[in-house]
Amino acid sequence: MEKIFLLITTIIFFACQHSTTQAAARPIMIQGAMGVETEEMIAALENPHEKIIHGRRFVSGTYKNVPVVISVTAIGPVNATVATVLGIENFKPAAIINQGTAGAHDPALHQFDMVIGEKSFHLDARVTEKEYPAIFSHTKLVGTYFCDSAKKTFESTIDYPADEKLLAVAREVLKDYKLGKVVEGKIATGQGWNRQAELINFFHEKFGSNCEEMETAAVAQVCKSFDVPFLGFRVISNSELHDETFDSNAPEFENFFSGEEQQKNSGINTSGICQKYALEIAVKAFQ
């Protein structure tokens, strides 16, 4: 009888330990700036719970039994910064994935191509020479500051690299992507929307940017200060170089995970595709 009691007690103990571990599992946070970049992910969550914190929307739940928080950051680097700090403080994520749409800088890229952000940088953090007439080629990037927790100092860097493990996961998940090319490169983050081909070509040739958007580097900078693993990846939604325009109409989510080629041909938007792969990256990263 004592042996049976001991066995039952042991089973209950380990069950409780497992339950506590599962309950305490830190989620993967996936960010998108707009509804069109997040709604499909939110719709896919099981047991969703919405929380508004200082005007920022967070929806937590599970996807394939993996704890996930979807963060709708709002557009722009400042909003992304605020949302990231709030997300880290309130949800303690194990990692953060920033995803969404971007405009191509590389002339080899077209709609539906994917850019895995091996690095990201602030496009607006640049300095020009004091000269007349102005010469574009004299423009240089300058570093932005993050808190180095180990040194307890502020350090400066131009490029913010992605977490190596998350990069490896993204490569694995996207290896069979069929709607376009997948490249690893540099994501440029800025406050504006550049539409001049001459300027876009200059940024690509001078700074090595593959695409341009408005949040990634800001989030990467915050994550580096908080020691949170980070990955940014973007789907090309438009290219000013090829006159490919952005389509903001979202597809129906229930048709989202099948028949990708057919959906592309029938006008599925790029933001929906990016969300699908963000969730799959989160699942594999959590494992």
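Buried means under 20% relative accessible area, exposed means over 50%, and partly exposed lies in between (1.4 Å probe, protein chains only). This is a predicted model: local features need pLDDT of at least 70, side-chain atom pairs count only at pLDDT 80 or more, and totals for chains, interfaces and linings use all residues. Residues are numbered from 1 along each chain as its sequence is written, and side-chain values use heavy atoms, without hydrogens and water.

**Exercise 1.** Classify Phe136 and Phe202 as buried, partly exposed or exposed.

Solution. Take Phe136: its relative accessibility is 43%, so it counts as partly exposed. Now Phe202: its relative accessible area is 12%, so it is buried.

**Exercise 2.** How many aromatic pairs are there, and how is the pair of Phe136 and Phe202 arranged?

Solution. Start with the rule. Rings of Phe, Tyr and Trp (its six-membered ring) pair if their centres lie within 6.5 Å; planes under 30 degrees apart count as stacked, over 60 as edge-to-face and the rest as tilted. The count comes to 8 aromatic pairs. For Phe136 and Phe202, the centres are 5.4 Å apart and the planes stand at 35 degrees, so the pair is tilted. Then place the two residues: Phe136 is in the loop between strands E7 (126-127) and E8 (140-141), and Phe202 is in helix H5 (residues 197-207), 66 residues apart. Helices (H or I, at least four residues) and strands (E, at least two) are DSSP runs, numbered from the N terminus.
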